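Dear colleague,

Please find below the structure that I am handing over to you. My notes on it follow directly after.

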Amino acid sequence: MALRSSSIAALRRAGPALGKPSAIALGQRLFSVSAARREILDAATLPDRTIPHYQQTKTSSLLSLYWAAPPRNILLMPKLHAPKVTVKAVEFAKHIYSNYPGLNLIFEEHIARDIHETLPFPIYTTSPSDAPTLFAKKIDLVTTMGGDGTILRAASLFSMHNSVPPILSFSMGTLGFLGEWKFDEYKRAWRECYMSGCSVDMEAVADPHTRASVADHNQPPNPDYTPLEAWDTVRGNGKCMGPGRTSKILLRNRLRVGIYDTQGRNINEQLLPTSAAEPDLGPSVAHLTTPNHFSTPPTLENPPYIHAINELSIDRGSHPHLAIIDIYVNGHFLTEAVADGILISTPTGSTAYSLSAGGSIVHPLVKSLLITPISPRSLSFRPLVLPLHTKVVLRLSKRNRGRELPVSIDGKRRVAVTIGMEVRVEGKGGESDGFAEDDDSWVGGLNGLLKFNYPFGEPVEEP
């Protein structure tokens, strides 16, 4: 004891001026405080994406989402030039990183530069020129925070590929017709999407489009269900929602677009964006639901196609004269369109540009495509709804006086076509992007947001 007392006394004399013993002398453990890891890392170092499974159920027209393993690589895309949304994105990122171990959060390059100093953990990104290829190989799940434009921006990153991850969208924009969740619900929405199907052995999901439901939604939950091993590290013991409570996915049909020169050669490769991650550039969407154990890398089609989730448009641009476009349907001449332009739209796009041009509103589960004229000269040229796999060819008439007409895909100008060039379009079903949402969202959005058949005049009070 004497030795220990003298040793402490000596240490006290050598210690701080206040005369208190150091932590080492008292046998206490020291902890060093290091700077927060505010780093931006290369997304190319991340593991390849995990492809989920989708399964039809008996109780819903939507598909159920099943993860073979917890998603790891999460792309967060907040609305551009919206500081309040950026603050919410940081809040969301901190929550999921803290409560769901093993996540890698990815941002577009310009956003990563702006926010990485506010996050106490590293984030990932890549150059805009590499994003369309790299993100298709790495991203497990996309989360958007904004309006429909933000969703289209996310979709554009995967337009040249057969595979696009599910999109969990928070409505924080001007209209948000495609957005399902309010941001106030982000904790619940994220958990339901992340944990979806975590109790189900993937061997039970034989095919992503099988018509047999894993479990009847009316069946009482099984208290013996336990999460698969991969979810054990989730805070809260990785408690699963049970086999009857999975996130619902709406697979939206897309357009497959090919641009052909006067020699009949596909020139889509020449139209690849240099910066699909930037707000003014980029293509559209794809989605893959093939089972793999469990990671088939996304591939480009040959010849490569550009995919649109909303529409393709050809218009007269700045020219004072109307555009003259020959329209062929399944190899048969349909009509010569004399109009400001022509739209080929998906059911999803039926509530976008096509709606403003007088086209019909079509439910996204209806497998179809729409031909809508933009301000046609003829009163008898009405919008058309055609079967999904209809092949439509738009060819510039020789009567266009040598003009070039701009072609836009999902609102982004891609190329100017001249006489003799063709734009070939067909619908592509079952492999479009997945949106996590509820069964009644489309009807609710139609009435609540678009004010469909909204009454006018003074409300009538019932007796």
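**Findings**

S156 is buried, at 0% relative accessibility (buried means under 20% relative accessible area, exposed over 50%, and partly exposed in between, with a 1.4 Å probe and protein chains only). The model is predicted: local features need pLDDT of at least 70, side-chain atom pairs count only at pLDDT 80 or more, and totals for chains, interfaces and linings use all residues. Residues are numbered from 1 along each chain as its sequence is written, and side-chain values use heavy atoms, with hydrogens and water left out.

S156 belongs to helix α5, residues 148–156 (helices are DSSP runs of H or I with at least four residues, strands are runs of E with at least two, and both are numbered from the N terminus). A polar atom of the S156 side chain lies 2.6 Å from the backbone oxygen of R153.

R153 is also one of the residues that I111 touches, together with P78 and L80, when residues up to four places away in sequence are not counted (contact means heavy atoms within 4.5 Å). I111 is located in helix α3, residues 109–115, and is buried, with a relative accessible area of 6%.

W190 is in contact with I74, F92, I96, Y100, L103, L141, T143 and L168, leaving aside its neighbours within four places in sequence.

For the protein chain as a whole, there are 8 helices and 21 strands. Of its 463 residues, 52% are buried. Among contacts with a separation of 6 or more, 76% are between residues 24 or more positions apart.

Yours sincerely

Note on methods. Polar contact = N/O pair within 3.5 Å; in protein donor to acceptor, adjacent residues only side chain to side chain.
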